[in-house]
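Reader: I have a structure open and would like to learn how to read it. Could you walk me through a few features?
Author: Gladly; let us look together.

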Amino acid sequence: MSYRIGLVGKPSVGKSTLFNAATMNDVPEGAFPFTTIDPSIGEAYVRTECAAPEFDNTCEPSVGDCKDGSRFVPIKLVDIAGLVPGAHEGRGLGNQFLTDLNETDALIHVVDFSGTTDSEGETTEGHDPREDIDFLEDELDAWYLDILEKGIERYESKQLSDPDPEDILAEQLSAFGISAAEIKQVILTEGYEVTPTAWETDARETLARAIRKRTKPMVIAANKMDTPEAQANWEEITTDPDYEHLDFVPVSAHAEKALKNANEQGAIEYVPGEDGFEITAELPDEKAAGLEQIRTFVEEFGGAGVQRALETAVFDVLGLKAVFPGSASGNWSEGPFRDCFLLPEDATAEEFAYHLHSDIGDGFLHAIDCRTDRQVGADTVLDHRDVVEVVSTNQ
Ligand SMILES: Nc1nc2c(ncn2[C@@H]2O[C@H](COP(=O)(O)OP(=O)(O)OP(=O)(O)O)[C@@H](O)[C@H]2O)c(=O)[nH]1
Ligand SMILES: [Mg+2]
């Protein structure tokens with residue numbers, strides 16, 4: 001199973017441009033709203049420092065790639081249609097958007113930091129990107145609230161049979177992939193009793209928002225940062241105390257795309273996500289000047305930002321870790337360091353075995369931490385970049 005990251009935001013913020021830059025796809029981009037109608041799914045990658053050099057080995061990735069010691073681990077990226085205010089009531093592409101969103105594990109909210117598109121995605125000047133940040137959260141919360149309310153109604157209609165409220169709510173909210181136990185935990189964490197009939201409007205709203213935050217964690221890609229307007233907004237918004245709880249990444253989808261294209265054409269050598277590149281061909285002055293402008297940008301902002309946005313979503317916001325299947329003896333049955341898997345933060349050695357194959361999990365005896373050659377038990381929680389051999393009766 002691959003993790004899915006959704007690109008969301010109002011129209012014309014650069015979702016498709018970012019999608020194309022990350023996946024090297026070619027979906028239409030345009031300076032008019034609703035260029036994208038159907039969601040596109042593509043493969044993107046997150047970087048992890050490769051473990052092979054620590055073992056004096058070289059890796060042979062079965063998927064993805066390894067460049068300059070960075071392992072590129074695949075994830076799925078989804079380019080979703082633009083969202084406008086009122087989507088939860090069916091405005092714009094409304095409900096279809098929300099259905100596409102259901103299938104994602106985390107979101108990158110692409111915001112046009114240049115302020116040159118209004119809330120419907122039409123060209124304007126001086127639009128405050130904070131409005132877009134607020135509106136997207138409010139819109140998602142309204143959608144969650146609608147579904148939570150339906151769950152509460154359903155609970156009320158079934159009260160005679162004395163069901164557990166969290167079970168009914170989990171059923172209603174099943175599309176969001178949240179269990180009854182997690183719902184109960186959210187309710188208690190927010191300080192409410194598990195009695196839906198007693199919840200007033202503000203309790204319902206608070207709970208809808210908390211469930212949304214838990215099931216759709218989000219990073220903000222501050223896009224179009226190659227413009228002076230966006231850089232001014234960046235200064236203002238990232239120092240605004242009302243927004244300090246959010247994860248912002250400065251992004252120029254244009255810059256990332258230009259660098260990847262130049263790399264493909266053999267004009268430069270560029271490893272995605274790096275804050276520099278090398279010009280490797282004789283270039284016309286205009287092209288060289290364009291690249292130098294991009295160089296100034298990536299040096300100042302630590303890269304074009306597309307990789308960083310993906311990696312913040314995967315490692316910080318979703319909290320995933322990368323684990324390499326290893327061989328303690330150094331006798332690799334297939335090539336060395338072929339795989340690198342993304343697992344939940346709390347994944348144990350036994351869960352890792354099940355991730356490899358259900359038979360391997362069923363026959364789990366113990367695992368070996370290949371860095372220390374120590375045995376680890378079934379319940380040991382693995383760390384990011386662990387190299388682990390599973391010893392199983394079914395191998
Ligand atoms: N300056 C600048 N412009 C950008 C950048 N990324 C995208 N754009 C421009 O923004 C406009 C909209 O880009 P799209 O990628 O089509 O936007 P979208 O969010 O997919 O739009 P919808 O599909 O309509 O929701 C295009 O004219 C892009 O060239 C960027 O990093 N910098
Ligand atoms: Mg689009």
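Reader: Which residue forms a salt bridge with R371?
Author: The general idea is that a salt bridge is a side-chain nitrogen of Lys or Arg within 4 Å of a carboxyl oxygen of Asp or Glu. Here R371 pairs with E54, and their closest N and O atoms are 2.7 Å apart. Helices (H or I, at least four residues) and strands (E, at least two) are DSSP runs, numbered from the N terminus.

Reader: Before I go on, what kind of model is this, and how are things numbered?
Author: This is a predicted model, where local features need pLDDT of at least 70 and side-chain atom pairs count only at pLDDT 80 or more, while totals for chains, interfaces and linings use all residues. Residues are numbered from 1 along each chain as its sequence is written, chains are lettered from A and ligands numbered from 1 in the order in which they are written, and side-chain values use heavy atoms, with hydrogens and water left out.

Reader: Are R371 and E54 buried or exposed, or something in between?
Author: Buried means under 20% relative accessible area, exposed over 50%, and partly exposed in between (1.4 Å probe, protein chains only). R371 has 34% relative accessibility and counts as partly exposed; E54, at 43%, is also partly exposed.

Reader: How many salt bridges does this rule give?
Author: The count comes to 24. One of them joins the side chains of E43 and K76, at 3.6 Å from N to O. E43 is partly exposed at 35% relative accessible area, and K76 is partly exposed at 27%.
Author: E182 forms a salt bridge with R214, with the closest N and O atoms 3.6 Å apart. E182 is in helix α5 (residues 180–189) and R214 in helix α6 (residues 201–215), so this pair ties together parts 32 residues apart in sequence. E182 is partly exposed, with a relative accessible area of 28%, and R214 is partly exposed as well, with 39%.

Reader: Which residues are linked in a network of salt bridges?
Author: That network links E137, D138, D141, R209 and R212.

Reader: What is I108 in contact with?
Author: Contact means heavy atoms within 4.5 Å. Leaving aside neighbours within four places in sequence, I108 is in contact with residues including I5, L7, V219, A309 and A313.

Reader: How do domain 1 and domain 2 meet?
Author: The assignment places domain 2 at 139–214. The C-alpha centres of domain 1 and domain 2 lie 34 Å apart, and 12 residues of domain 1 are in contact with 10 residues of domain 2. Buried area is the accessible area (1.4 Å probe) that two parts lose on being put together, summed over both. These two domains bury about 880 Å² between them, 63% of it on carbon and sulfur atoms. On the side of domain 1, H88, L98 and N102 lose the most area, together 55% of what that side buries. Between the two domains the count of salt bridges is zero.

Technical notes:
Domains from an automatic or database assignment.
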